[in-house]
Amino acid sequence: MQNKKILVLKGDGVGPEIIDCALEVLSAISDKSGEKFTLDFADIGGVAIDKYGNPFPEETEQKLQDVSAVLLGAVGGPKWDNIDPAIRPEKGLLALRKALGVYANLRPCQIYPGLIDNSPLKPEYLKNVDFVIVRELVGGIYFGKRDTFIENGLRTAFDEERYDEAEIKRIAIYAFETAMGRSKKLTLVDKANVLDSSKLWREVVAEIAEDYPEVELEFLYVDNAAMQLIRQPSSFDVILTNNIFGDILSDEASQIAGSIGLLPSASLGAEVGLYEPIHGSAPDIAGQNIANPLATILSLAMLLRYSFGLHAEADQIEQAVKQVLANGHRTKDLAPDDYLGTREITHEVIKNL
Ligand code: NAD
């Protein structure tokens with residue numbers, strides 16, 4: 001059996017402690033399954049600035065050549081808030097995503113039994129909520145032309161939303177394939193009543209849909225989608241959308257689940273996948289053994305599933321997390337008065353594997 005190689009980037013703030021938890025789970029999975037993993041470590045973000053003067057140093061970039069997956073904690077913190085904006089820790093993260101070419105960002109959202117009270121939504125809206133947002137990650141308005149200038153004596157600015165059919169096609173195929181592995185419903189979220197780029201998305205997605213007759217395809221304008229995510233979140237299975245709409249809707253979705261410490265993510269589409277919790281480096285709670293490691297542990301499950309095809313092992317981790325929550329164990333973000341520490345809840349996950 002060939003060793004599976006993972007590059008681990010712990011980053012800043014709570015990054016090192018939550019990644020250490022995920023690595024403990026990986027070691028337990030390896031013991032159980034006999035699968036062997038080779039780990040390499042490198043720096044990104046603030047720690048990399050301190051060591052190399054660069055948030056995404058060449059030493060780190062080079063190590064990407066030799067691995068199949070990257071597991072990342074988080075970057076940033078007050079220590080680096082006032083440095084040259086060109087080398088802020090977050091620039092390291094953007095440079096990493098660009099270097100990898102990961103165009104498909106997957107953010108699953110589900111409600112765990114027992115956590116219903118942690119959601120701001122009423123319980124009746126939360127039944128059967130289980131969807132995934134497939135967000136285009138490397139195109140659109142965040143990467144388009146932009147300019148600020150004076151025209152007719154007025155300060156003027158523009159940002160260009162531009163997609164070509166190849167960019168839409170590859171993410172659409174990704175979303176349809178994702179839907180095939182789930183409940184076979186796909187919702188394209190756009191603004192096709194106004195934007196030409198959205199009309200092209202609809203055209204291309206409808207063409208791709210012909211290859212997936214089993215998938216029910218629905219179109220929703222983004223303003224309506226924002227409303228339906230709150231009114232009937234259980235109506236969604238796979239949400240496909242562009243970079244900017246996905247950015248906004250996935251933050252809205254993260255709140256439905258109850259805590260930012262629960263949601264994992266995978267950025268895919270290239271040879272090497274990138275896996276990280278959706279939260280930041282939480283400097284306010286770093287080093288206190290109170291961060292919730294579950295989003296990172298669930299990101300590891302996504303890594304095993306998507307980069308190595310280890311579905312049984314990924315299922316085991318996801319089931320163990322569910323069981324730990326069902327058993328009533330909580331971290332401080334979920335139960336401020338009666339909670340387990342970061343390491344202790346990880347040991348519960350390992351017990352339940
Ligand atoms: P944050 O996500 O780090 O924290 C927001 C709030 O959520 C804080 O109160 C924090 O304590 C809490 N929180 C976050 N993760 C948690 C966890 N696992 N368990 C329990 N509570 C948790 O966002 P922020 O405070 O806006 O940013 C802090 C730093 O992180 C900044 O430097 C920011 O730029 C950076 N950041 C990095 C990433 C990333 O690396 N992907 C993403 C967002 C923000």
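Sorted by class, the shell around the ligand comes out as eight nonpolar, seven polar and four charged residues. Keep in mind as you look around that this is a predicted model.

**Who sits around the ligand**

- There are 19 residues around the ligand, and the ones that come nearest are Val 75, Glu 90, Gly 280, Ala 282 and Asn 292.

- Ala 282 uses its backbone here: one of its polar backbone atoms is 2.8 Å from an oxygen atom of the ligand.
- Asp 284 takes part through its side chain, with a polar atom 2.9 Å from a ligand oxygen atom.
- For Asn 292 it's the backbone again, where an N or O atom lies 2.8 Å from a nitrogen atom of the ligand.
- As for cover, the ligand on its own has 810 Å² of accessible area, and the protein covers 68% of that.

**Helix α1 and its partners**

- Helix α1 spans residues 15–33 and packs with helix α10, which spans residues 311–326; their axes are 11 Å apart and the angle is about 130°.
- Because of that angle, α1 counts as oblique to α10.
- If you're checking handedness, α1 and α10 make a right-handed crossing.
- Helix α11, residues 342–351, is another partner: its axis and that of α1 come within 10 Å and cross at roughly 20°.
- An angle under 35 degrees counts as roughly parallel, so α1 and α11 are roughly parallel to each other.
- Where α1 passes α11, the crossing is right-handed.

**Helices α5 and α6**

- For helix α5 (residues 165–180) and helix α6 (residues 196–209), the angle is about 50° and the axes are 9 Å apart.
- That angle makes α5 oblique to α6.
- Here, too, you'll find a right-handed crossing as α5 passes α6.

Key: Residues numbered from 1 in each chain as written. Predicted model: local features only at pLDDT ≥ 70, side-chain atom pairs only at ≥ 80, totals over all residues. Heavy atoms only, no water. Near = heavy atom within 4 Å. Polar contact = N/O pair within 3.5 Å; in protein donor to acceptor, adjacent residues only side chain to side chain. Areas by Shrake-Rupley, 256 points an atom, 1.4 Å probe, with all protein chains shown as cover. Nonpolar A, V, L, I, M, F, W, Y, C, P; charged D, E, K, R; others polar. Axes fitted to C-alpha atoms, helices over the stretch in contact; angles between N-to-C directions. Helix = DSSP H or I, 4+ residues; strand = E, 2+ residues; numbered from the N terminus. Parallel < 35°, antiparallel > 145°, perpendicular 65-115°, else oblique. Left-handed = near helix turned anticlockwise from the far one by under 90°.
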